Amino acid sequence: MANLREAQKQMTRRLLLESGLELFKVKGYAATTVDDIATAAGTTRVTFYAYFSSRSELMKALIDEQLNEALQRVRSPEHGSTAQDLVATVADGTPEAIMAWLRRTTDSWPAIRPIIRLGRDAAVIEPELTDLVEQWMEEAVGDIEDGLETAGRFEPHQRHFRGVLAMAQLDFVAQNWHRADWKLTHEQMLEELGASWVGLLT
């Protein structure tokens, strides 16, 4: 019975997260209320507050849980979260490994793009969310730094900045690919991004 109750709790929490994400995408963060989220999840305002203390707490959970899940990031004492495959890819450093990682990552863009964009939109309204997406980006930069350190490439003072440049490129392309007129096919875009990453990280 206890296991069933726990499963129901997890299902309710997940419904609240998924409903919040969908409403944020459709109505925008500012226009979505706690009542909207609760109703869409088939529950009540009281139940919402049993899981999240505020709308911003739900937004934090979307970034901390769903974004990390989409990118297969796990808890890390060094960075908050770590994508071991990114660390291993950077340490490997071959163009083939980097291209394979970028290709896998672009496959997850439909899931990660709206969460990152909504996190940035929410930060305009909720001051406590200001550093949330940037903190997550910094964790990814830390993974690149770890991979470069493992491989012994570049001086310590170069590793972090090269990670910043690589993630800034990836983030910009991910957030703008679907609406930018870059006159490239998806494969050509990947090739250019991969060549840039290889130049930065090897």
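A residue is termed buried when its relative accessible area is under 20%, exposed when over 50%, and partly exposed in between, with a 1.4 Å probe and protein chains only. By this criterion Lys183, with a relative accessible area of 69%, is exposed. The structure is a predicted model, in which local features need pLDDT of at least 70 and side-chain atom pairs count only at pLDDT 80 or more, whereas totals for chains, interfaces and linings use all residues. Residues are numbered from 1 along each chain as its sequence is written, and side-chain values use heavy atoms, with hydrogens and water left out.

The chain contains ten helices and two strands. Along the sequence, the elements follow the pattern α-α-α-α-β-β-α-α-α-α-α-α. Taken along the principal axes, the box filled by the C-alpha atoms is roughly 55 × 40 × 30 Å. Of the 202 residues, 44% count as buried. The accessible surface comes to about 10500 Å², and 55% of this area belongs to carbon and sulfur atoms; accessible areas come from the Shrake-Rupley method with a 1.4 Å probe, and for residues only the protein chains shown count as cover. Contact is taken to mean heavy atoms within 4.5 Å. Among contacts between residues at least 6 apart in sequence, 67% join residues at least 24 apart.

Helix 1 spans residues 2–27 and includes Ser19. Ser19 has a relative accessible area of 11% and is therefore buried. Beyond residues up to four places away in sequence, Ser19 touches Ile37, Ala40 and Ala41. The C-alpha atom of Ser19 is separated by 8.9 Å from that of Thr39, 20 residues apart along the chain. Arg55 belongs to helix 4 (residues 55–70). Because its relative accessibility is 16%, Arg55 counts as buried. Residues up to four places away in sequence aside, Arg55 touches Phe24, Tyr29, Ala30, Thr32, Val34, Phe48, Ile125 and Glu126.

Helix 5 (residues 84–92) and helix 6 (residues 95–107) pack at an angle of about 155°, and their axes lie 8 Å apart. Helix 5 is therefore roughly antiparallel to helix 6. Axes are lines fitted to C-alpha atoms, for helices over the stretch in contact, and angles run from 0 to 180 degrees between N-to-C directions. Angles under 35 degrees count as roughly parallel, over 145 as roughly antiparallel, 65 to 115 as roughly perpendicular and the rest as oblique. On the helix 5 side, Asp85, Leu86, Thr89 and Asp92 meet Ala97, Ile98, Trp101 and Arg104 of helix 6. The contact comprises four nonpolar, one polar and three charged residues, where Ala, Val, Leu, Ile, Met, Phe, Trp, Tyr, Cys and Pro count as nonpolar, Asp, Glu, Lys and Arg as charged, and the others, Gly among them, as polar.

Helix 6 has 13 residues and reaches 18 Å between its first and last C-alpha atoms, close to the 18 Å expected at 1.5 Å a residue. The expected span is 1.5 Å times one less than the number of residues. The buried residues of helix 6 include Ala97, Ile98, Trp101 and Leu102. Packing of the buried residues of helix 6 is against helix 5, helix 7 (109–125), helix 9 and helix 10.

Trp197 lies in helix 10 (residues 186–201) and, with a relative accessible area of 1%, is buried. A separation of 17 Å is found between the C-alpha atoms of Trp197 and Glu138, which are 59 residues apart along the chain.

The 20 residues of helix 8 should span 28 Å at 1.5 Å a residue, and the 29 Å between the end C-alpha atoms agrees with this. Among the buried residues of helix 8 are Leu132, Trp136, Met137, Ile144 and Leu148. Just after helix 8, Gly152 takes a positive phi of about 70°. Phe154, in the loop between helix 8 (132–151) and helix 9 (156–176), has a phi near 70°, a positive value in a residue other than glycine. Phe154 is partly exposed, its relative accessible area being 21%. Lys183, which lies in the loop between helix 9 and helix 10, has a positive phi of about 55° although it is not a glycine.

Notes
Helices (H or I, at least four residues) and strands (E, at least two) are DSSP runs, numbered from the N terminus.
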